[in-house]
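Colleague: I have this one open for the first time. Can you walk me through it?

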Amino acid sequence: MNQTLLNPDKWVDRYADALYSYTLPRVNDAALAEDLVQETFLSAWKAREGFKGEASEKSWLFTILKNKIIDHYRKKAKDIVQPLADKDPSDRFFDEAEHWTPDDKPGDWGIDYSAALDNKDFYRVLEACKNKLQQIQQSVFVMKYMEDLDAAEICKALGITASNYWVLIHRAKLQLRTCLEKNWINL
Amino acid sequence: MNFLNISCKKATYLVSKKEANKLSWLEKLQLRGHLAICSLCRKFEIQSKWFSEHAHHAHIDAILSPESKEKMQSVLKDQ
């Protein structure tokens, strides 16, 4: 074991809050987030002999945690995957000709899209909006946009087809956009 | 109405697919043609791309209770 590279005694003090803060918006469940952090420390402890110091201790722990989060979605997929509904809340955004309805057409956000975003309100609202999505849409959104997996990996993990995947992403984005506009832009 | 004309619903669907470079040549033409004349779908593209990119940095400053941390520490000690 590489004593000089790892300090397991200090892990909880140094990283528990950071790991937990990362996990919480990705699983929406405080107890589950805590469990995943605990499991991360345990797995890291068991794998400590294999730590070569190529990454920092912190990023190594984050890599383990990210795998735990994906595993969580993979297991959960078995319970939530269902045939795609023909009707979806996002259908109301379009009229019979499939053009935007006056109520739900994209408005002017009046923000600088190229500027850095340092805004706790945004993340709080994004979180609330994400929680309103169907479970399967949340899984897809988290895996794609928060964990950067590619479409093929996500389809495999969740056991869905590529065309289902695109429909889920499409619906999730339509709903998130509207929800952000109503609750964040128009605060 | 011809095969190049698509609806806003279809265009917004193709916008997501475009991010992953999964558009066929026909879909590329359809989307380009639609975005050229539809400012609402252009807005959708900019906004959805923007919040999707920022979602990556989602972070909530949360703190575990001292009890939780003690428990984690003792579980590790028991190993």
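Modeller: The contact between the chains takes 35 residues from chain B and 39 residues from chain A. Two residues are in contact if their C-beta atoms, placed from the backbone, lie within 7 Å. This is a predicted model, where local features need pLDDT of at least 70 and side-chain atom pairs count only at pLDDT 80 or more, while totals for chains, interfaces and linings use all residues. Residues are numbered from 1 along each chain as its sequence is written, and chains are lettered from A and ligands numbered from 1 in the order in which they are written.

Colleague: Which elements give two or more residues to the side of chain B that touches chain A?

Modeller: Those are helix H1 (8-19), helix H3 (39-55) and helix H4 (66-77) of chain B. Helices (H or I, at least four residues) and strands (E, at least two) are DSSP runs, numbered from the N terminus. H3(B) gives the most to that side, with eleven residues.

Colleague: And by class, what does that side of chain B have?

Modeller: It has 17 nonpolar, twelve polar and six charged residues. Ala, Val, Leu, Ile, Met, Phe, Trp, Tyr, Cys and Pro count as nonpolar, Asp, Glu, Lys and Arg as charged, and the others, Gly among them, as polar.

Colleague: How many helices and strands does chain B have?

Modeller: Chain B has four helices and zero strands. Its radius of gyration, taken over C-alpha atoms, is 23 Å, well over the 12 Å that the globule rule (2.2 Å times the number of residues to the power 0.38) gives for 79 residues, so chain B is more spread out than a compact globule. The C-alpha trace of chain B spans about 70 × 25 × 15 Å along its principal axes.

Colleague: Switching to chain A. How is it divided?

Modeller: Into domain 1 (8-80) and domain 2 (89-185), with bounds from an automatic or database domain assignment. Eleven residues of domain 1 of chain A are in contact with twelve residues of domain 2 of chain A. On the domain 1 side, the largest share, eight residues, comes from H3(A).

Colleague: Where is A:Gly107?

Modeller: A:Gly107 is in the loop between helix H3 (57-80) and helix H4 (120-132) of chain A.

Colleague: Why does A:Gly107 count as partly exposed?

Modeller: Because A:Gly107 has 15 C-beta neighbours inside 10 Å. A residue is buried if 20 or more other C-beta atoms, placed from the backbone, lie within 10 Å of its own, exposed if 12 or fewer, and partly exposed in between.
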